[in-house]
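Visitor: I have a model to go through with you. Could you take my questions one at a time?

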Amino acid sequence: MLELKNLFVEVENKPVLKNINLSISSGGIMVLFGPNGSGKSTLIKAVMGFEGYKVTKGEIIVNGKKVNGLSVDERAKLGAGIMFQHPPKVRGVKLAQISEYLCGDNNKIERLAKELSLEEHLERDINSGFSGGEMKRSELFQLALQGADLLLLDEPESGVDIENISIMGAVLNKYLADKRKSALIITHTGYILDYIKAKSGCLLIDGELWCSGKNPKDMFEEIKEEGYEHCRECHGKN
Amino acid sequence: MVKIDTDKILGKDDMAKAASSGMDFTEKTRSASFLQKDNDVLFSRSLQCGIEIMRIEEALEKKKNMRKYYGKAFKALNKEYPQNTNGGYFIRVKKGHTVELPIQACLFLKKQGFKQKVHNVIIVEAGAKAYIITGCAASRAAEESFHLGISEFYVQKGGYLNFTMIHSWKKDISARPMSIAFVDENASFISNYVCLKPVKEIVMYPTAVLQGEHARASFNSLILSHPKTLQDIGARVIFQKENTQAEIISRAVSLGGKVVARGDLKAVAKNVKAHLECRGLVVSERGAIHAIPELETVFRDVDLSHEAAIGKISKEEIEYLSSRGMTAEEAQSIIIRGFMDVNILALPEALKKEIKELEEKTLKGSF
């Protein structure tokens with residue numbers, strides 16, 4: 001589903017990601033840990049092909065197709081879907097318009113909007129006046145309507161209260177139960193791990209991928225207890 | 001009522017052009033119609049009681065007590081106006097009549113190089129209420145033609161006039177509308193203006209004079225500016241009495257042309273409340289928007305405000321929509337459509353829907 005081979009990415013001429021090798025198969029959920037500034041968001045944005053995230057070496061493969069050089073919308077059409085951490089307001093464009101663009105099935109739109117308590121947001125300008133939690137729910141809503149095969153989720157639980165995390169978690173869990181779907185999830189709080197069945201995690205520090213493939217809950221507990229410094233020490237030893 | 005055989009008098013192609021400025025030839029959704037081609041009035045009739053609609057010269061001849069309105073607004077403001085006009089409409093909505101279906105009027109340019117100069121007078125009498133949708137359009141043949149439209153509006157005590165003007169010109173046409181509205185006590189004048197098609201040059205600065213207490217005015221415009229176009233478009237409200245209110249709202253998108261968006265709120269009485277809002281979106285690097293909002297008062301007890309914002313479509317917005325699968329062009333298009341929001345026009349639902357459909361049709365293939 002997603003394969004990164006010897007990937008190097010620069011932002012504003014500075015190398016951020018170094019020699020990343022990562023593979024998520026269909027049905028797989030990978031949780032990405034790492035301290036602030038380690039390059040987690042850069043990784044997701046580079047996969048999506050956003051401007052300013054320059055791949056200097058290596059390959060990004062989505063759904064079996066090399067996407068280096070493809071535009072953002074072409075990658076979206078190949079199945080990649082991103083949840084923005086800070087989505088922009090788009091004045092004059094209503095959530096309903098995007099929903100209809102993404103999905104022709106009005107019943108599905110209504111059902112999902114209800115599930116994510118977004119019925120009243122459909123007629124509002126997208127992200128305009130949305131609270132942090134509403135934005136996240138709206139992002140998840142759009143991704144589900146898009147039917148993305150590869151979910152790139154950048155801190156899906158940040159700014160969301162406990163009650164709404166459980167709503168989002170339930171929707172996400174149901175979505176990812178489909179074995180054709182897979183996800184790469186960045187989390188700081190780890191809350192989302194209570195709702196989804198993620199089997200592997202990986203750790204990004206200083207733009208390099210360490211420790212790939214371990215159980216994410218164990219990894220999270222270890223990070224919580226020992227901090228990322230411990231990871232550095234451990235990495236140094238190995 | 002006999003159906004108008006417009007096919008015969010205007011031809012299919014020109015009918016479609018007139019329709020693009022809001023003309024409904026079936027008249028099913030209209031209460032009165034007026035159509036002038038160059039200098040010829042092709043038809044003019046009222047389908048509902050309480051409405052008088054006719055060529056201006058006919059009104060001046062037959063309706064002696066209406067003569068006093070002709071030129072009155074311009075004289076009152078010491079403004080000159082061209083005398084050499086030919087045609088134009090006279091519309092009168094009689095005292096106390098409410099006309100729910102819009103009255104339609106269309107001024108059509110047909111001949112090459114023709115200079116159409118019309119003088120319109122619209123009177124909404126005390127307690128009457130009406131919607132007018134008026135379109136200006138040009139035939140394919142009307143190359144380098146010119147349109148001058150003088151309009152005088154009188155909205156009398158407690159009256160309500162909602163006037164929507166749609167310009168559907170083409171790239172070699174110049175237009176000079178000159179409008180003044182006098183609004184009496186407790187009366188409302190609402191002007192909606194839509195211009196989405198190419199044009200060579202439009203200069204207009206309509207004025208509303210609120211001459212009675214609790215009078216209100218509102219000017220709303222949607223402007224799309226194509227390359228090699230100059231649209232110098234504004235609105236002015238003069239508050240002559242206390243407790244009057246007004247609002248001027250405009251949205252301009254430049255695809256390469258120049259837009260000057262003016263607005264002037266001038267208080268010559270106390271306790272006036274008004275707001276001016278101008279938003280511009282410059283899509284093409286060659287485009288230009290110049291917003292000139294003005295507020296004037298000699299009294300402290302007024303509440304006048306304005307906000308103007310001009311910018312381009314941000315890269316983040318495009319990328320955001322692209323990540324949902326839209327091409328950059330599709331994303332740009334949906335943002336422009338959203339920006340040109342018909343909801344800023346003060347229109348009843350049916351008419352809003354109609355204008356929206358017209359907008360969709362016009363914007364399709366525009367960029």
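**Core, helix and interface**

Visitor: Which residues does B:Leu210 touch, leaving out those up to four places away in sequence?
Guide: This is a predicted model. Beyond four places in sequence, B:Leu210 touches B:Val183, B:Ala215, B:Ala217, B:Val237, B:Ile238, B:Phe239, B:Gln240, B:Lys241, B:Thr244 and B:Ala246.

Visitor: How many residues does the largest nonpolar core have?
Guide: B:Leu210 is among the residues with the most contacts inside that core. In soluble globular proteins, nonpolar side chains tend to be buried together.

Visitor: How far apart are the end C-alpha atoms of helix α7 of chain B?
Guide: The helix runs over residues 349–363, which is 15 residues. At 1.5 Å a residue, it should span 21 Å. The model agrees, with the end C-alpha atoms 20 Å apart.

Visitor: What arc do the buried residues of α7(B) cover around the axis?
Guide: The buried residues are B:Leu351, B:Ile355, B:Leu358 and B:Glu359. They sit on the same side of α7(B), because their arc is only 100°.

Visitor: Which residues are exposed on the other side of α7(B)?
Guide: The buried residues of the helix pack against β5 (98–109), β7 (129–138) and β11 (188–195) of chain B. On the other side, the exposed residues are B:Glu349, B:Lys353, B:Glu357 and B:Glu360.

Visitor: Is B:Val302 buried or exposed?
Guide: B:Val302 lies in strand β21 (residues 302–311) of chain B. Apart from neighbours within four places in sequence, B:Val302 is in contact with B:Ala267, B:Lys270, B:Val272 and B:Thr297. A residue counts as buried at 20 or more other C-beta atoms within 10 Å. B:Val302 has 20, so it is buried.

Visitor: What separates the C-alpha atoms of B:Val302 and B:Lys270?
Guide: The two residues are 32 residues apart along the chain. Their C-alpha atoms are separated by 5.9 Å.

Visitor: How many nonpolar residues are on the side of chain A that touches chain B?
Guide: Contact involves 22 residues of chain A and 17 residues of chain B. Elements giving two or more residues on the chain A side are α2 (72–77), β7 (90–94), α3 (95–102) and α5 (132–146). By class, that side has four charged, five polar and 13 nonpolar residues.

Visitor: Which element of chain A has the lowest mean pLDDT?
Guide: Chain A as a whole has a mean pLDDT of 92, and 99% of its residues reach 70 or more. Among its elements, α2(A) has the highest mean, 97. The lowest, 82, belongs to helix α7 (residues 216–237) of chain A.

Key
Residues are numbered from 1 along each chain as its sequence is written. Chains are lettered from A and ligands numbered from 1 in the order in which they are written. This is a predicted model: local features need pLDDT of at least 70, side-chain atom pairs count only at pLDDT 80 or more; totals for chains, interfaces and linings use all residues. Two residues are in contact if their C-beta atoms, placed from the backbone, lie within 7 Å. Helices (H or I, at least four residues) and strands (E, at least two) are DSSP runs, numbered from the N terminus. Ala, Val, Leu, Ile, Met, Phe, Trp, Tyr, Cys and Pro count as nonpolar, Asp, Glu, Lys and Arg as charged, and the others, Gly among them, as polar. The expected span of a helix is 1.5 Å times one less than its number of residues. A residue is buried if 20 or more other C-beta atoms lie within 10 Å of its own, exposed if 12 or fewer, and partly exposed in between; C-beta atoms are placed from the backbone. The arc is that of the directions from the helix axis to the C-beta atoms. pLDDT is the predictor's confidence in each residue, from 0 to 100. A nonpolar core is a set of buried Ala, Val, Leu, Ile, Met, Phe, Trp, Tyr and Cys residues joined through C-beta atoms within 7 Å.
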